[in-house]
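Welcome! Here is a short tour for anyone meeting this structure for the first time. Please take a moment to look it over before reading on.

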Amino acid sequence: MAGPGGDMQWCFSQVKGAIDDDVAEADIISTVEFNQTGELLATGDKGGRVVIFQQEVENKNQPQFRSEYNVYSTFQSHEPEFDYLKSLEIEEKINKIRWLPQKNAAQFLLSTNDKTIKLWKISERDRRPEGYNLKEEDGRYKDPNTITSLRVPVLMPMDLMVEASPRRVFANAHTYHINSVSVNSDNETYLSADDLRINLWHLEITDRSFNIVDIKPANMEELTEVITAAEFHPHQCNTFVYSSSKGTIRLCDMRAAALCDKHSKLFEEPEDPSNRSFFSEIISSISDVKFSHNGRYMMTRDYLSVKIWDLSMESRPVETYQVHEYLRSKLCSLYENDCIFDKFECCWNGNDSVVMTGSYNNFFRMFDRGHRRDVTLEASRENSKPMQVLKPRKVCAGGKRKKDEISVDSLDFNKKILHTAWHPQDNIIAVATTNNLYIFQDKVN
Amino acid sequence: MSEEAEGTRTLEEQQEMDDKVISPEKAEEAKLKARYPNLGAKPGGSDLLRKRLQKGQKYFDSGDYNMAKAKMKNKQLPSAPPEKTEITGGHIPTPQDLPQRKTSIVTSKLAG
């Protein structure tokens with residue numbers, strides 16, 4: 001059965017995490033990110049921990065190869081803190097992880113919680129020196145009187161050890177909660193965005209950062225919108241975008257001014273005022289913005305849809321895809337149970353032809369831009385036999401429910417897929433349910 | 001004349017019905033307003049945003065925070081050894097009696 005992209009057929013590959021239904025809060029996955037080659041896959045959780053998986057590629061040139069991601073490193077990135085001045089807890093939850101492009105043998109990533117960004121170095125050690133003059137092999141110091149000759153220690157192979165160490169801590173620059181981090185294409189700077197401000201950092205300098213966007217009103221009573229996400233352009237190091245809770249995206253050029261409060265472009269879809277309801281603004285809030293790999297488009301995710309924008313056209317998106325339109329008639333309950341505020345992310349595939357985003361009931365959706373096809377798939381333990389092909393799912397909005405369809409009222413709104421990631425080159429995807437990480441692979445690949 | 005008036009009423013009712021049919025959102029809004037009549041007219045207003053800006057649990061002070069954390073840690077690690085004698089204030093605790101200030105980091109289940 002042909003899916004999006006013609007021949008794409010998604011199969012189960014792996015699932016990580018505990019099977020039991022009793023989910024500890026610390027185990028809730030809060031971010032998923034591939035590195036630039038796709039060899040490494042990082043996850044962050046509510047307990048402040050980062051787990052990195054590495055792809056073991058066997059027989060990559062053979063058709064139908066199975067790539068397995070195995071644990072490479074895990075460390076505690078952030079700890080809970082207490083803000084003494086405000087008497088507020090600062091959660092250790094990892095909001096975002098962003099990999100730096102690899103420059104040498106070590107890998108680097110930025111991980112952030114609500115207030116502090118950290119640069120972590122992940123390095124391998126597979127050799128250790130043996131044959132010290134002053135120390136025994138177990139570390140005890142020798143009696144110097146017993147040493148009669150001198151030798152040069154030799155590097156001997158040892159079991160691979162992967163070490164993670166914090167190299168920089170970028171703290172105290174955000175009054176509000178950090179929602180985004182984005183590494184610049186210049187490989188020297190990065191931005192961090194909170195609800196009202198965006199700061200520009202140099203990767204080497206931790207005691208200073210430049211404020212480049214500030215939308216805090218003089219009088220907080222006049223606050224009408226907040227920043228929800230921000231990202232640097234993949235090639236133009238002077239360009240970045242930020243999205244708002246009102247459904248707008250602003251593109252800024254850092255060459256224009258030191259403070260980019262005035263946008264260069266404003267992307268906003270005109271709204272029919274007669275359609276406006278109590279929920280309009282809430283569901284128009286953009287939860288994620290991502291540039292396409294080629295840098296010509298950007299994608300935004302709001303509560304019910306995914307929109308593709310052409311950077312040269314501000315007036316409206318060029319494509320709009322409905323993720324779960326059947327929820328429009330459930331907005332009242334979704335407001336009452338706070339689900340209407342869920343922040344879904346979205347991602348592009350390597351050649352920008354397919355986009356993906358999550359939904360409820362552990363469903364996730366893919367939209368094939370070229371073939372104008374879309375599919376709904378499910379991440380569940382029931383479909384987790386090796387290489388089992390995922391069957392497309394269908395939600396019945398009302399009326400007669402066909403066999404194999406699931407009705408809107410049977411959807412589990414506690415099973416949300418907020419975080420998904422697509423391998424930068426291959427058709428391998430990582431989908432995070434509440435506490436499990438699923439890896440799916442295209443059968444043909 | 002009464003026929004005319006009736007005609008107009010039916011048109012208005014029709015418009016309302018059309019609204020409901022065209023916009024499920026408006027129907028949901030009506031439902032919400034019926035349940036919460038005191039709900040303000042401005043949903044995306046500064047109240048909602050300010051609540052969002054100040055997310056996070058507020059504690060009375062750092063002592064309150066540390067107590068709450070200790071209680072949570074005890075709940076999350078039921079495997080903590082119960083053989084230590086209870087320190088109920090009957091005697092002055094020695095350093096060995098006191099529970100460790102920082103419990104060991106639990107590894108993520110994804111890495112298991």
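## Where the two chains meet

Buried area is the accessible area, taken with a 1.4 Å probe, that two parts lose on being put together, summed over both. In this predicted model, the area buried between chain B and chain A is about 4,200 Å². Carbon and sulfur atoms give 59% of that area. On the side of chain B, E25(B), L53(B) and L110(B) lose the most area to chain A, and together they account for 19% of what that side buries.

The meeting of the chains can also be told in residues: 39 residues of chain B are in contact with 60 residues of chain A. For the model as a whole, the scores are ipTM 0.73 and pTM 0.87.

## Chain B and its confidence

Confidence is highest in helix 2 (residues 24-35) of chain B, at a mean of 88, and lowest in helix 1 (residues 2-22) of chain B, at 54. Two stretches stay under 50 in pLDDT: residues 1-7 of chain B, with 0 contacts beyond four places in sequence, and residues 78-84 of chain B, with 2 such contacts.

## A sheet in chain A

Now over to chain A, where 4 strands make an open sheet in the order 8-9-10-11, with antiparallel pairing. Strand 8 (96-99) and strand 11 (154-170) of chain A stand at the edges; each has a single partner strand, so one side of each is left without a neighbour in the sheet. On average, neighbouring strands of this sheet are turned by 25 degrees against each other, direction ignored.

Inside the order, strand 9 (residues 107-112) and strand 10 (residues 117-130) of chain A pair in the antiparallel sense over 6 bridges. Here S111(A) stands opposite K118(A) of strand 10.

## A hairpin in chain A

Strand 12 (residues 180-183) of chain A and strand 13 (residues 189-193) of chain A run antiparallel and are joined by 4 bridges. They form a hairpin with 5 residues between them, and N187(A) in the turn has a positive phi of about 60 degrees. Across the pair, V181(A) stands opposite S192(A) in strand 13 of chain A.

In a regular strand the side chains alternate between the two faces of the sheet. Which way do the residues of strand 12 of chain A point? S180(A) and S182(A) point one way, while V181(A) and V183(A) point the other way, and all are buried.

## Nonpolar cores

The largest nonpolar core has 23 residues, and those with the most contacts inside it are Y303(A), L327(A), L334(A), I340(A) and L411(A). Helix 1 (280-284) and helix 2 (331-336) of chain A each supply at least two residues of this core. Helix 2 of chain A gives the most, with 4 residues.

Look at L334(A) for a view of the packing: leaving aside residues up to four places away in sequence, L334(A) touches Y303(A), L327(A), C339(A), I340(A) and F413(A). Apart from this core lies another, of 18 residues, among them W10(A), F12(A), L390(A) and I429(A).

Key. Residues numbered from 1 in each chain as written. Chains lettered and ligands numbered in written order. Predicted model: local features only at pLDDT ≥ 70, side-chain atom pairs only at ≥ 80, totals over all residues. Heavy atoms only, no water. pLDDT = per-residue confidence, 0-100. Contact = heavy atoms within 4.5 Å. Pairing = 2+ DSSP bridges. Axes fitted to C-alpha atoms, helices over the stretch in contact; angles between N-to-C directions. Buried < 20%, exposed > 50% of the residue type's maximum accessible area, 1.4 Å probe, protein only. Core = buried A, V, L, I, M, F, W, Y, C linked by side-chain atoms within 4.5 Å.
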